[in-house]
Amino acid sequence: MLYREAGQFKTSYIADSQIFPIRQDRIGMAILLAIAFVGIPMIGSEYWFSAILIPFLVFALAALGLNILTGYAGQLSLGSAAFMAVGAYAAYNFQLRVDGIPILLSFILAGCCAAAVGVVFGLPSLRIKGFYLAVATLAAQFFVVWVLTKFSWFSNNSSSGVISAQKIDLFGFAINTPVRKYLFVLAIVCVMALLAKNLVRSSTGRAWMAVRDMDVAAEVIGIRLMPTKLLAFAVSSFFCGVAGALYAFCYLGSVEPDGFSLDLSFRILFMIIVGGVGSILGAFLGSAFILLLPIFLDNVLPPLATWLHLPFTNATVSHIQMMLFGGLIIFFLIVEPHGLARLWQITKEKLRLWPFPH
């Protein structure tokens with residue numbers, strides 16, 4: 001009975017089209033942001049920030065970028081990690097070769113570089129689609145890693161291609177502790193999530209969804225396929241590029257081209273499948289699920305094996321994690337293709353009627 005919109009009247013189109021039309025949703029989001037920005041920094045430990053919260057936000061941003069391309073525009077891609085690599089190395093080079101450039105500007109330019117690369121590898125989408133397009137974008141994964149390894153200029157003449165991210169300085173304020181890095185990443189992710197939410201609600205987002213549902217019908221009603229598809233690749237790659245820059249500067253600190261492997265691209269793909277394809281919330285739910293499940297299993301399986309007198313090793317735990325990932329992906333594809341986000345939406349719809357049956 002707490003989640004009702006009775007008495008909440010809309011008197012304008014602006015009020016009816018706002019992101020959170022129900023008052024309880026606005027209050028809940030305000031509480032969530034207050035906990036994220038104020039509560040967690042007060043009680044969290046360095047391990048939380050460095051090993052859980054920062055990678056969760058970074059991967060959520062990357063999954064958000066892939067969800068824009070795959071979930072809203074309907075274009076399959078397996079090159080998310082490659083675009084993250086472009087963003088990481090571009091931000092590193094902007095900081096290295098341009099004196100006095102602000103860190104935020106470096107991240108924006110790094111995202112633009114990733115967007116340019118994404119447009120190049122998105123050109124095959126004008127002629128092919130489906131799994132053929134996924135294979136075409138897979139070329140980006142191998143080509144970008146090969147370029148970053150082959151040409152040492154991108155890594156400042158490092159023989160192994162490894163780069164060490166520079167220190168983050170924001171308007172004279174050093175971002176040098178896990179808490180500050182967490183707040184820095186959180187602010188960027190919140191702004192970009194709001195940008196993505198408004199973008200998919202705009203005419204551009206509706207054009208993406210029309211192309212996703214049936215590109216021939218979309219072209220008949222006047223939607224230009226080439227600019228629409230390439231814009232989806234550019235925006236998606238921009239988000240992945242910024243996520244790659246945050247991955248290098250705020251999470252690892254030192255990265256190599258092989259770190260942005262095909263396995264990372266598949267992990268990001270699994271995040272949107274489990275979280276919910278075509279949902280902004282799904283990117284965050286999928287990132288939390290994929291990131292926290294291994295930690296949960298690492299803490300639960302060894303004591304359970306000891307209690308049951310089973311010879312579990314670290315390799316066995318790793319294999320069980322992979323089996324669970326595969327099983328959950330099959331489960332969500334069959335039972336609930338829209339993932340955890342759809343389950344949360346169904347829960348909210350039931351709460352709006354509870355305790356009445358209709």
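This briefing covers a surface patch, a pocket and the salt bridges of one structure. The model is predicted: local features need pLDDT of at least 70, side-chain atom pairs count only at pLDDT 80 or more, and totals for chains, interfaces and linings use all residues. Residues are numbered from 1 along each chain as its sequence is written, and side-chain values use heavy atoms, with hydrogens and water left out.

**Nonpolar surface patch**

- Seven names make up a nonpolar patch on the surface: Leu33, Phe37, Val38, Met42, Ile43, Tyr47 and Trp48.
- Together they have about 760 Å² of accessible area (Shrake-Rupley method, 1.4 Å probe; for residues, only the protein chains shown count as cover).
- Patch residues have over 30% relative accessible area and no salt bridge; nonpolar side chains (Val, Leu, Ile, Met, Phe, Trp, Tyr) are joined within 5 Å, like charges within 9 Å.
- Helix H2 (23-43) and helix H3 (46-72) are the elements that give two or more residues to the patch.
- Helices (H or I, at least four residues) and strands (E, at least two) are DSSP runs, numbered from the N terminus.
- H2 supplies the largest share, five residues.
- Tyrosine 47 sits in helix H3.
- Tyrosine 47 counts as exposed because its relative accessibility is 51% (exposed is over 50%, buried under 20%, partly exposed in between; 1.4 Å probe, protein chains only).

**Second largest pocket**

- The second largest pocket holds about 270 Å³ of space.
- The elements that give two or more residues to its lining are helix H4 (80-97), helix H5 (103-122) and helix H6 (131-150).
- A pocket is an open set of points on a 1 Å grid over the protein atoms alone, where a 1.4 Å probe fits, with protein on both sides within 12 Å along at least five of seven lines.
- Grid points are joined across faces, edges and corners, and the volume is the space filled by probe spheres set on the points.
- The lining counts 15 residues (each with an atom within 4 Å of a point).
- Val86, Ala90, Cys113, Leu148 and Phe154 lie nearest the pocket centre.
- H4 gives the most to this lining, with six residues.
- By class, the lining has 14 nonpolar residues, one polar and no charged.
- Ala, Val, Leu, Ile, Met, Phe, Trp, Tyr, Cys and Pro count as nonpolar; Asp, Glu, Lys and Arg as charged; the others, Gly among them, as polar.

**Alanine 114**

- Helix H5 contains alanine 114.
- Alanine 114 has a relative accessible area of 0%, so this residue is buried.
- The C-alpha atoms of alanine 114 and threonine 313 are separated by 40 Å, and the two residues are 199 apart along the chain.

**Salt bridges**

- The structure holds three salt bridges (a side-chain nitrogen of Lys or Arg within 4 Å of a carboxyl oxygen of Asp or Glu).
- One of them joins aspartate 25 and lysine 348, at 3.6 Å from N to O.
- This pair links distant parts of the chain: aspartate 25 is in helix H2 and lysine 348 in helix H14 (residues 339-353), 323 residues apart.
- Aspartate 25 is buried, with 16% relative accessible area; lysine 348 is partly exposed at 21%.
- Aspartate 213 and arginine 212 also meet in a salt bridge, at 3.2 Å from N to O.
- Aspartate 213 is exposed at 57% relative accessibility, while arginine 212 is partly exposed at 33%.
- Arginine 342 pairs with glutamate 349 in a salt bridge, their closest N and O atoms being 3.9 Å apart.
- Arginine 342 is partly exposed at 26%, and glutamate 349 is partly exposed at 38%.
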